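This report goes through one chain, from overall figures down to single residues. The sequence and structure come first.

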Amino acid sequence: MKKYLLLLCLPLVMAGIFRDDVNEREYLKLAKEPQFDCVGRIVSSTGKRGGSCTLIKEDYVLTAGHIALFKDEKVRSGETEIFIEFNEEKYAVAEIFIHPYFHIDSIRTDLAVLRLCHPVKGIAIPKLNQSLQEVGNIGYGVGFGASGPAKPRGLVEFYDKKIAGMNMIDTLSENRDPDTGAFLAFWTDFDSPHDPDSCNIMGDKEPLPLEYTPTGGDSGGGMFIIKNDEYLLAGVCSSSGYDKLRAEDRYGTSAGWMRVSVYYDWIQSIINPGA
Ligand SMILES: [Ca+2]
């Protein structure tokens with residue numbers, strides 16, 4: 001994948017999210033399934049939306065480094081406080097841990113863990129995927145970003161909706177973790193039901209029944225895979241790229257997800273220190 005762009009930097013009108021030939025309610029319905037209650041929204045004390053995250057322990061969430069960096073600066077300057085919202089309940093953030101290799105210019109190791117002031121009760125916490133065999137699995141992405149159909153262009157806006165969709169995990173990134181040598185992200189693409197041959201960026205050209213792609217505000221949200229009938233958190237929404245500028249729709253967009261498997265030990269070192 002040659003082009004990397006922060007999702008928050010993408011103009012919202014340039015990114016579709018769900019298939020235009022499938023009713024939006026199917027995506028909203030999927031997002032309401034209880035295994036996805038663990039995906040929350042990041043909001044500031046000024047009410048500004050700022051990305052998505054996943055509950056990984058009662059008092060910790062996992063998100064993207066570029067989301068946390070921006071928030072960390074605002075928090076340190078006293079400009080704002082940040083909260084995580086689950087089922088419309090807000091939890092204040094006590095501490096921010098950005099991965100030490102994260103750098104905003106290269107989007108390497110785009111991960112952060114946030115510690116909450118109070119535990120979140122009543123929400124099932126997903127197991128973290130530890131298998132490096134993500135490619136070939138169907139991923140279920142969940143987030144609070146802008147939403148709308150891929151066609152016609154221009155309908156994607158912030159509607160305060162939680163959307164979940166499906167993508168085949170097609171390939172790994174070219175970038176490697178400097179310590180382990182592991183490829184640090186996996187990629188998905190948004191295949192078109194109308195024009196699969198010219199839209200396909202990688203992997204299979206056929207879209208899944210609830211094919212989608214994340215967009216602005218989805219950064220930090222989770223991608224889940226199913227193993228032994230259980231949803232595991234496998235990816236963190238990080239970046240987006242496109243090799244084709246299509247005039248009529250937003251198919252052909254790709255998305256990069258940080259691999260939870262590669263950073264499992266780093267995550268554990270924060271949420272279970274000394275374990
Ligand atoms: Ca494809």
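## Burial and contacts of the chain

Of the 275 residues of the chain, 48% are classed as buried. A residue is buried if 20 or more other C-beta atoms lie within 10 Å of its own, exposed if 12 or fewer, and partly exposed in between, with C-beta atoms placed from the backbone. This is a predicted model, in which local features need pLDDT of at least 70, side-chain atom pairs count only at pLDDT 80 or more, and totals for chains, interfaces and linings use all residues. Residues are numbered from 1 along each chain as its sequence is written.

Among contacts between residues at least 6 apart in sequence, 70% join residues at least 24 apart. Two residues are in contact if their C-beta atoms, placed from the backbone, lie within 7 Å.

## Secondary structure and barrel

The chain has four helices and 15 strands. Helices (H or I, at least four residues) and strands (E, at least two) are DSSP runs, numbered from the N terminus.

Six strands form a closed barrel in the order β2-β3-β4-β7-β6-β5, with antiparallel pairing. From one strand to the next the twist averages 45°; axes are lines fitted to C-alpha atoms, for helices over the stretch in contact, and angles run from 0 to 180 degrees between N-to-C directions. Two strands pair if DSSP finds at least two bridges between them. Strand β4 (residues 60-63) pairs with β7 in the antiparallel sense over four bridges, and V61 has L114 in β7 as its bridge partner.

## Strand β15

Strand β15 (residues 253-259) is largely enclosed by the rest of the structure, because seven of its seven residues are buried. Strand β12 (residues 185-189) runs antiparallel to β15 and is joined to β15 by five bridges. F186 stands opposite W257 of β15.

## Two loop residues

V120 sits in the loop between β7 (112-116) and β8 (127-128). V120 is buried because 21 other C-beta atoms lie within 10 Å. Leaving aside neighbours within four places in sequence, V120 is in contact with L55, E58, F86 and Y91. K57 is 63 residues from V120 in sequence, with a C-alpha to C-alpha distance of 8.4 Å.

L208 belongs to the loop between α3 (196-199) and β13 (222-227). L208 has 17 C-beta neighbours inside 10 Å and so counts as partly exposed. Beyond neighbours within four places in sequence, L208 is in contact with I138, M166, N167 and M168. L208 and N167 are 41 residues apart along the chain, and their C-alpha atoms are separated by 6.7 Å.
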